[in-house]
Amino acid sequence: MAEMGSKGVTAGKIASNVQKKLTRAQEKVLQKLGKADETKDEQFEQCVQNFNKQLTEGTRLQKDLRTYLASVKAMHEASKKLNECLQEVYEPDWPGRDEANKIAENNDLLWLDYHQKLVDQALLTMDTYLGQFPDIKSRIAKRGRKLVDYDSARHHYESLQTAKKKDETKIAKAEEELIKAQKVFEEMNVDLQEELPSLWNSRVGFYVNTFQSIAGLEENFHKEMSKLNQNLNDVLVSLEKQHGSNTFTVKAQPSDNAPAKGDKSPSPPPDGSPAAPEIRVNHEPEPPSSAAAGATLPKSPSQPAEASEVAGGTRPAAGAQEPGETAASEAASSSLPAVVVETFSATVNGTVEGSGGAGRLDLPPGFMFKVQAQHDYVATDTDELQLKAGDVVLVIPFQNPEEQDEGWLMGVKESDWNQHLELEKCRGVFPENFTERVQ
């Protein structure tokens, strides 16, 4: 029996909630049609507008702060790898090895301390600040529903009073419901009327404290980092003084894939398809005797008699060898590496052939340029791209330019696009400072 009673109460509550929703929906329709007046509070509406603006600004600040922290972490990793490289190349018998290692350790600790303090003094404070908005937003919405209930009860009471045939019992009950609805609404309204202006005014102090903390931490970080960099510079200056008399000559090494000197350019295949491009590099300078004797560089067998292409471009007439040039100019030109690039490519049936391969020509609508991720980026929202260092992203414009935040781009990873995925499913935003433009 108790169970039945409990179910009956639950069913009755559900029915009551459904009836309230229907009554509110009917009241809103009548108000929109102008058949029922609506209680207005312009001062409160202005407070709500300020609240929504404050929430939007705070959410953007939180997002940008997280991006800043991700950048600090990426810079820490890059600095750590750079110091590890220095430790590996620093030979044991060189002076200052221990000092350089100690500087690298302090550098790592300084980055860790800076990142942790930013989290404690800026990000956590930011999260606490935004944590109060969801509750107030829910109360604003509830206040709106109670206002509709109040208007509906008022209209019902007025209609019973103006009816030709009055029912005193119904009028009394309607008046009781009106008083109850008005009381609930006014209690919520008074609380929000006090809290919203106070919350709006608090934003100034919060912004000041947040940016002061960030600026102070960054200033102190750079001061300490400057000292470490000066110490490292002193160590390297000492190393240079003791080993400065040594001369280190860097010579060009032939590529494993480069053909031997004197090889000819491959002829096009019998079927007429274009040959793969070949790059031939002569790293060894011509003997001085040949330059002094006025000898000229030999031409490639596939090079035209009247003009040659160097690195994919046409050699200007002023740079061509003329009989009247001096031996000195010939010697200067002959001492430079001779690079002969022969390319042959053609476009066939929508694909680009050349370099022995083929690639897609189709690009996302509105494609602007390509970028390549220089660091890993962990997405913090559903509309962001997850990037790994080396990922290529095809940048496209925002559908609504007003939605673009400073420092953020819209794009789709080339690997996703090549899998013929739908643009709507694979595009997203990403921080521009994590990438470098490649095309």
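A polar contact is a pair of N or O atoms within 3.5 Å. The model discussed here is predicted.

Q: What makes the approach of the Thr210 side chain to the backbone oxygen of Phe206 a polar contact?
A: A polar atom of the Thr210 side chain lies 2.8 Å from the backbone oxygen of Phe206. The cut-off is 3.5 Å, so the pair qualifies.

Q: Why is Thr210 called buried?
A: Thr210, a residue of helix α5, has a relative accessibility of 3%. Buried means under 20%, and Thr210 therefore counts as buried.

Q: What makes the approach of Asp167 to Thr169 a polar contact?
A: At the start of α5, a side-chain oxygen of Asp167 comes to within 3.1 Å of the backbone nitrogen of Thr169. The limit is 3.5 Å, so this pair also qualifies.

Q: How do you know that the span of α5 agrees with its number of residues?
A: At 1.5 Å a residue, the 76 residues of α5 should span 112 Å. Its end C-alpha atoms are 109 Å apart, which agrees. Along its course, α5 bends by about 25° at Arg203.

Q: With which residues is Ile140 in contact, leaving aside neighbours within four places in sequence?
A: Ile140 is in contact with Val48, Phe51, Leu192 and Leu196.

Notes:
Residues numbered from 1 in each chain as written. Predicted model: local features only at pLDDT ≥ 70, side-chain atom pairs only at ≥ 80, totals over all residues. Heavy atoms only, no water. Contact = heavy atoms within 4.5 Å. Helix = DSSP H or I, 4+ residues; strand = E, 2+ residues; numbered from the N terminus. Expected span 1.5 Å × (residues − 1). Bend = angle between axes of the 7 residues up to and from the residue. Polar contact = N/O pair within 3.5 Å; in protein donor to acceptor, adjacent residues only side chain to side chain. Buried < 20%, exposed > 50% of the residue type's maximum accessible area, 1.4 Å probe, protein only.
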